[in-house]
Amino acid sequence: MKNPAKQSNGQMHLARQGEWSSAGSMWNGRDVYSAMNTPTGEWLADCNEERTLTKDLMSEITDLSNLSRACQRVISNGGKGGVDGIEVSELRNWFSKHYEMLQDQLNTGTYYPQAVRGVKIPKPKGGHRQLGIPTVIDRMIQQAILQVLTPRYERIFSEHSYGFRPKRSAHQALREAGEYVAQGKRHVVDIDLANFFDEVNHNRLLWLLSRRIGDARLLKLIHRYLKVGLLEGGLLSQRIKGTPQGGPLSPLLSNIVLDELDKELERRGHQFVRYADDLIILVESRGSAERVLRSLTNYIEGHLKLKVNRKKSRLIMNWELNFLGHGINYDGSLLLSKPSEKRLKAKLKELSRRNKGKSFVEIVSKVNQYLRGWLHYFRYAKIKTKLRELGSWLRHRLRCYRLKQCKRALGMSRFLRKLGVPNNRSWTTAASRKGWWRMASTPAAHEGMNKLWFARIGLIDIESFYVRLQS
């Protein structure tokens, strides 16, 4: 793979993929849909006006100030380089030397993205999620497109969607869901879209984009990004569907696809909340929930050409919910979902494993770092009692870790005596042949490594930290 900064002809591209009509507004692939269900005159008029206003959108994207902002954003986000070998730290220098060439290629429609580097990351519920890491140059271009398109699409997106949108958060989505439950909507239709990002239909997405974007050069470029190859293990595979996760543009494209679902739910009068591809619909009865699940499954698979995971899509009550890691109480207040509690304990176990071979101070620092982020996210859930129990369990694990670091009975006895434990009780624990967990339960271990000692070494008290966050 050639380094674009070193190509003599100034071209940065892969093989050409797909063609566009001379008019530039419609994709000439298989025409899956000619119109939405029953588009209103207002919707059509708005689309026509928007296409007229966006016939020269590429000029806004390639404006030097917009590209410079995109370059700075990619640098501030950091991350690894792509298949061309250019790292984030080299982007500013590359851009200062080649921005005119880049502008020319984008404006003339001769720019071709490079392959994305394939990376797999584990999912919390098992399996792997496929990511595609674009080159830093392609990330900059996608960011420049995102900066121009976001304000235009934000004004039409649903008020009930919250993922990957400016000035919107998971906490706002949870608050809205809690309000619906408090109104009596306690039956939840939890829709799971199977591998959503990998199943997006390119023809449908391009059709949706062409309804509101009049610049054929931009549509052509987005199509190239959708079709760009995935390089993994030395093999280059071509993409025929899906939006490659890992680039700045992918979240916006996913919201454009799912906004059609939002509009359908609004048309039907449902009360729902969507965060990215996490969707819940809240209704008053079991019968209504069953009907909604059936009809929406047919709509999503038949009209949107996406797949519903029928094994994971379910009808549940509000307290059984695991929406963005939370359950919801009868009064609309938030709970900690059972999967979230299990993941927290599993992570803390992994951080405090006794065979890590790291200093105790380093272990406490890592635990603190993780807990601060976790508590900030779950600060609105009613979990004070759970945190009190969790804090006691965590201190017990850390006592195990610290006692094991003493290695021998003599070292353990000296350590406990330094903490103020009488000699006889120190030796009772040190000479014990019980396991580490049992030794950490002894009065001597609790007396020496009490809550005050943990506070002195810097371990945060998660219950107190949670209370401060709430106030």
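How many positive and how many negative side chains does the chain have? There are 81 positive and 44 negative ones, and the centres of the two sets lie 13 Å apart. Here Lys and Arg count as positive and Asp and Glu as negative, with His and the chain ends left out.

Before you click around: this is a predicted model, where local features need pLDDT of at least 70 and side-chain atom pairs 80 or more, while totals for chains, interfaces and linings use all residues. Residues are numbered from 1 along each chain as its sequence is written, and side-chain values use heavy atoms, without hydrogens and water.

Start with the whole chain as a cartoon. You'll find 20 helices and 10 strands (DSSP runs of at least four residues, H or I, and at least two, E, numbered from the N terminus). Of its 471 residues, 52% are buried, meaning under 20% relative accessible area with a 1.4 Å probe, protein chains only.

Next, pick out the open sheet, E6-E7-E3-E8, with antiparallel pairing (two strands pair if DSSP finds at least two bridges between them). E6 (271-275) and E8 (314-317) sit at the edges with a single partner strand each, so one side of each has no neighbour in the sheet.

Now zoom in on E6 and E7 (residues 278-283), which share 5 bridges. Show Phe 272 and you'll see Ile 281 of E7 opposite.

Technical notes
Buried < 20%, exposed > 50% of the residue type's maximum accessible area, 1.4 Å probe, protein only. Charge placed at Lys NZ, Arg CZ, Asp CG, Glu CD.
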